[in-house]
Amino acid sequence: MVPNGWQKTDLSNFINIKHGFAFKSEYFSDSGNYILLTPGSFYETGGYRDQGAKTKYYIGEIPESYLLTKGELLVAMTEQAAGLLGSTMFVPESNVYLHNQRLGKIVIEAHEQIDKEFLYLTFNAPHTRRQISSQSTGTKVKHTSPDKLKSVVCLLPPIGEQRKIAKILSTWDKTISTTERLIDNSKQQKKALMEQLLKGKKRLLDTSGKPFQGEWEEVKLGNVLTKISNGLTYDSKATTGLPVSRIETISTGKVNHQKVGYAPDQEKTRKFKLMKGDILYSHINSLSHIGRVAYFENDKDLYHGMNLLLLRTPTTSDSKFLFYLLSSSKGKAFAKSHAKSAVNQASISTTDIKSFKVNLPTLVEQQKIATVLTNGDNEIERLEQQLADLKQEKKALMQQLLTGKRRVIIDDKEVA
């Protein structure tokens with residue numbers, strides 16, 4: 001039902017959309033004056049995502065009218081990542097940004113009837129994104145067009161009510177954006193700290209308050225493992241039984257108990273039960289994911305399945321320290337350099353993994369490093385949960401406000 005005073009309409013009479021430019025790849029650089037915006041510059045729920053080291057710059061000649069200015073509204077016209085199609089963002093700064101052909105610049109033609117902030121919210125609303133997705137084309141990568149985006153049907157309240165709704169929801173956007181930046185910064189800081197600590201460039205303090213001393217010992221990984229083995233073979237179509245790990249279980253670098261297989265509840269399966277501190281290692285995967293690891297916390301029962309190796313350490317080494325070592329840039333580089341590629345996947349042998357040379361400090365220093373990095377991970381998880389809660393709360397409020405189920409009160413100043 002259309003709320004009283006609102007209109008149900010498409011956007012064809014209110015906006016136009018201008019494609020970005022197909023900039024030549026030979027003019028891309030890792031530094032320069034102009035930042036090239038792509039779908040990767042968007043958060044899924046809308047807003048600008050600073051890509052850090054992945055930022056691309058353009059150093060060629062700038063085509064006329066393609067230089068963006070602060071506050072202009074962009075929309076992602078290709079999916080690139082799940083849920084990204086139709087996401088919008090405001091250009092964050094003036095005179096330094098360009099957008100490629102996979103983005104569209106939204107030009108409002110009827111300012112007296114539609115508010116830019118409200119339009120931003122409308123495009124990022126779940127019901128609008130579903131429309132955009134349903135009318136998109138493409139098999140591997142979905143994409144849409146300016147005409148299809150303008151055909152999106154939405155509910156438009158009077159301009160004053162649009163502005164009040166946008167004002168209310170903008171406070172949520174600011175909090176979400178701040179939290180997203182905090183997460184990105186925390187991840188970058190943790191990554192930098194991990195590289196310093198695992199290479200011994202930064203030494204922590206011992207119990208006496210002084211930096212740890214002494215040289216680290218170079219050993220082969222196989223010499224500090226009590227077990228390195230393949231997992232249980234099981235019927236991948238089974239839906240009942242004991243939960244067993246599979247490649248997808250550690251796809252995020254953490255053990256995901258929602259993405260498991262199942263094996264019969266019998267003694268043979270129980271012999272593969274994981275223990276706290278076990279490391280799961282992806283030795284058969286695509287080349288980009290080969291060597292991915294996850295640390296088992298023993299928060300839920302899980303059994304070791306096929307296509308992942310189990311690495312188990314003795315009490316003389318800290319398994320969490322080894323987990324961070326294997327997930328570091330050194331560990332990933334080793335896996336890729338020793339992987340043998342096939343048609344659709346790569347693999348690395350247990351012999352090669354055992355030969356990986358690692359530098360180990362004393363057990364006490366290993367434990368101290370592991371604790372510091374674990375605290376960093378816990379802080380990131382806390383922020384990610386906070387972000388998820390904020391997004392869910394905003395989504396619920398947005399659904400009510402943008403459909404008129406919850407009306408706002410406006411004063412005379414807000415109508416003007």
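Predicted model: local features only at pLDDT ≥ 70, side-chain atom pairs only at ≥ 80, totals over all residues.

Reader: Which helix is tryptophan 172 found in?
Author: Helices here are DSSP runs of H or I with at least four residues, strands are E runs of at least two, and numbering starts at the N terminus. Helix H4 covers 159-198. Tryptophan 172 is found in H4.

Reader: And which residues is tryptophan 172 in contact with, leaving aside its neighbours within four places in sequence?
Author: Contact means heavy atoms within 4.5 Å. Helix H9 runs over 363-402, and the C-alpha atoms of tryptophan 172 and lysine 391 are separated by 8.4 Å despite being 219 residues apart along the chain. Beyond the neighbours within four places, the contacts of tryptophan 172 are Leu390, Glu393, Lys394 and Leu397.

Reader: Which helix supplies the largest share of the lining of the second largest pocket?
Author: Pockets are found on a 1 Å grid over the protein atoms alone: a pocket is an open set of points with protein on both sides within 12 Å along at least five of seven lines, a cavity is a set where a 1.4 Å probe fits but cannot get out, and lining residues have an atom within 4 Å of a point. There are 22 lining residues in this pocket, and Tyr43, Glu44, Arg49, Leu387 and Lys391 lie nearest its centre. H4 and H9 each give at least two residues to the lining. The largest share, 6 residues, comes from H9.

Reader: What volume does the second largest pocket have?
Author: For volumes, grid points are joined across faces, edges and corners, and what counts is the space filled by probe spheres set on the points. On that basis the second largest pocket comes to about 620 Å³.

Reader: How much space lies in the largest cavity?
Author: The structure holds 1 cavity of 30 Å³ or more. Its lining is made by Ile35, Leu36, Leu37, Ser41, Tyr48, Arg49, Gln51, Thr55 and Lys56. The space inside the largest cavity is about 50 Å³.

Reader: Why does serine 41 count as buried?
Author: Serine 41 is found in the loop between strand E4 (34-37) and strand E5 (57-58). Serine 41 counts as buried because its relative accessibility is 3%.

Reader: How far are the C-alpha atoms of methionine 77 and proline 39 separated?
Author: Methionine 77 lies in the loop between strand E6 (73-76) and strand E7 (88-90), and counts as buried at 2% relative accessibility. Leaving aside neighbours within four places, its contacts include Ile17, His19, Arg102 and His143. Methionine 77 and proline 39 are 38 residues apart along the chain, and their C-alpha atoms are separated by 7.9 Å.

Reader: Is isoleucine 409 buried or exposed?
Author: Isoleucine 409 is found in the loop between H9 and helix H10 (412-415). Its C-alpha atom is separated by 8.0 Å from that of lysine 164, 245 residues away along the chain. Since its relative accessible area is 73%, isoleucine 409 is exposed.

Reader: What is phi of asparagine 307 near?
Author: Asparagine 307 is found in the loop between E17 and E18, and is partly exposed with a relative accessible area of 32%. Asparagine 298 is found in the loop between strand E17 (293-295) and strand E18 (309-312) and has a positive phi of about 65° although it is not a glycine. For asparagine 307, phi is also positive, near 70°.

Terms used: Residues numbered from 1 in each chain as written. Heavy atoms only, no water. Buried < 20%, exposed > 50% of the residue type's maximum accessible area, 1.4 Å probe, protein only.
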